[in-house]
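These notes are meant for someone opening the model for the first time. Please read them with the sequence and the structure side by side.

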Amino acid sequence: MSAATVRKERLEFKSGGTACVGYLYCNSTEIPKPCVIMGAGFGGTQDTPSMVAVATAFAQAGFHAFTFDYRNLGESEGEIRQLVSVSGQQEDLLQAIRYIKKHPAVDETRLGLWGSSLGGGHVISVAAQTKEVSAVIAQIPFNGFPKKSGRSLWQTLRLLYVIRKDWIRGKKGLSPIRLIFSSGIFRKSYHPIEEDSVLF
């Protein structure tokens, strides 16, 4: 089956009072089919080529796939833009499950989760909270700092300082600290990408 036969349906659901936008990838809606709800990685959005490719592959294989943008990212609403909240994103994933299982083309008894990187950590955590999911695929899940990452003790301490400072600002109701996603302390400490790209 070619990618041309896969259809996308734009959908919206609420999570924490915020409108989240998702797309249901399917090749047929004649009978309810199993659905894989997909969670993007850190800072990722559903239009990332790899997300589109995996969702399309699931649909070509006879499943439905439901991608969505977490709050504050992509097509979804929410302020502060580009803010990554682990608890908020896990709530978004849980609400995505509860929304899509009611879709007439989806077999609510056969739901799976797929997540990559931070999304891989999310799907593990969310699956442990609900009985609505039958299967989990966690691709290179991020669920804490790896013990061996090539990061020096000094780089780790610098990153932990920023994390702690941001946490304190949050407790005081102040705006979050923003970092260039792929440069400076963040690149050296966590994400080994060479170019500057996304501001967080």
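1. Two parts are said to be in contact when they have heavy atoms within 4.5 Å of each other. Helices (H or I, at least four residues) and strands (E, at least two) are DSSP runs, numbered from the N terminus. The model is predicted, so local features need pLDDT of at least 70 and side-chain atom pairs count only at pLDDT 80 or more, while totals for chains, interfaces and linings use all residues. Residues are numbered from 1 along each chain as its sequence is written, and side-chain values use heavy atoms, with hydrogens and water left out.

2. The sheet. Six strands make an open sheet with mixed pairing, in the order S1-S2-S4-S3-S5-S6; two strands count as paired if DSSP finds at least two bridges between them. S1 and S6 are the edge strands, each pairing on one side only. From one strand to the next the twist averages 25 degrees. For such angles, axes are lines fitted to C-alpha atoms, for helices over the stretch in contact, and the angles run from 0 to 180 degrees between N-to-C directions.

3. Helices on the sheet. H2 packs on the sheet and touches S1, S2, S3, S4 and S5, its direction making about 120 degrees with that of S1. H3 also packs on the sheet, where it touches S3, S5 and S6, and its direction makes about 140 degrees with that of S5.

4. The S5 and S6 pair. These two strands run in the parallel sense over five bridges. Gly112 has Ala135 in S6 as its bridge partner. The chain passes from S5 through H3 to S6 in a right-handed β-α-β crossover; right-handed means that, with the strands pointing away from the viewer, the path from the first strand over the helix to the second runs clockwise. Leu113 has Val136 in S6 as its bridge partner.

5. Helix H2. What span should the 15 residues of H2 have? The expected span is 1.5 Å times one less than the number of residues. For residues 86–100 this gives 21 Å, and the end C-alpha atoms are 21 Å apart, which agrees.

6. The buried side of H2. Buried means under 20% relative accessible area, exposed over 50%, and partly exposed in between (1.4 Å probe, protein chains only). Among the buried residues of H2 are Gly88, Asp92, Leu93, Leu94, Ala96, Ile97 and Ile100. The buried residues of the helix pack against S1 (7–15), S2 (18–26), S3 (33–39), S4 (64–68), S5 (106–116) and helix H3 (118–127).

7. Salt bridges around Glu132. A salt bridge is a side-chain nitrogen of Lys or Arg within 4 Å of a carboxyl oxygen of Asp or Glu, and by this rule the count comes to six. Glu132 and Arg98 form one of them, at 3.3 Å from N to O. Glu132 lies in the loop between H3 and S6 (135–139) and Arg98 in H2, so the pair ties together parts that are 34 residues apart in sequence. Glu132 counts as buried because its relative accessibility is 18%, whereas Arg98, at 33%, is partly exposed. Lys101 also bridges to Glu132, with the closest N and O atoms 2.7 Å apart. Lys101 sits in the loop between H2 and S5, 31 residues from Glu132. At 21% relative accessible area, Lys101 is partly exposed.

8. A second group. Between Arg10 and Glu12 the closest N and O atoms are 3.0 Å apart. Arg10 is partly exposed at 44% relative accessibility, and Glu12 is partly exposed with a relative accessible area of 44%.
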